[in-house]
Amino acid sequence: EIARLQDLVQRLEEQLAAARDQLAAMNTERNALVEELTSLRSAHGQQAGELKAAATAAVKSEAEAALLRGQLDQALNHRDQVVAEADRLHQTVRERDQQVHATRAISIKAQENVEQLHERLQQALAQRDQAD
């Protein structure tokens with residue numbers, strides 16, 4: 001009976017040792033899984049941070065783009081005003097050129113008339129001197 005109980009105790013000790021080995025292996029596997037989970041959480045946190053930074057940059061870029069679009073619209077409006085003013089000034093210059101041309105033609109005609117009147121005056125004076 002004692003031999004049978006000793007045999008039973010030995011088998012139970014062997015089963016207990018096997019259970020302890022299995023438990024140690026499971027604990028090692030659990031620790032590895034915890035490390036992997038921690039690593040994944042860290043990577044997820046880093047990715048979340050990167051995504052947040054990218055989203056913030058995108059919002060900032062969109063705001064800057066909107067600001068630049070506004071500045072571009074203002075610049076285009078200003079350019080249109082400058083072009084309109086330049087067209088108006090160009091038209092004024094053309095009108096002045098026409099006035100100068102017309103005034104020059106009148107001046108030339110007036111000069112011709114003055115010369116003709118001067119010749120007539122000379123002739124009249126010469127006729128008067130001859131008549132005297």
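Start by selecting L5, which sits in helix 1, residues 2-131 (helices are DSSP runs of H or I with at least four residues, strands are E runs of at least two, and both are numbered from the N terminus). You're looking at a predicted model, where local features need pLDDT of at least 70 and side-chain atom pairs pLDDT 80 or more, while totals for chains, interfaces and linings use all residues. Residues are numbered from 1 along each chain as its sequence is written, and side-chain values use heavy atoms, with hydrogens and water left out.

Stay on L5: its relative accessible area is 41%, so it is partly exposed (buried is under 20%, exposed over 50%, partly exposed in between, with a 1.4 Å probe and protein chains only).

Now zoom out to the whole chain. There's one helix and zero strands. The radius of gyration is 55 Å, well over the 14 Å that the globule rule gives for 132 residues, so the protein is more spread out than a compact globule (the radius is taken over C-alpha atoms, and the rule is 2.2 Å times the number of residues to the power 0.38). Along the principal axes, the C-alpha atoms fill a box of roughly 190 × 15 × 10 Å.

N31 is partly exposed, at 34% relative accessible area.
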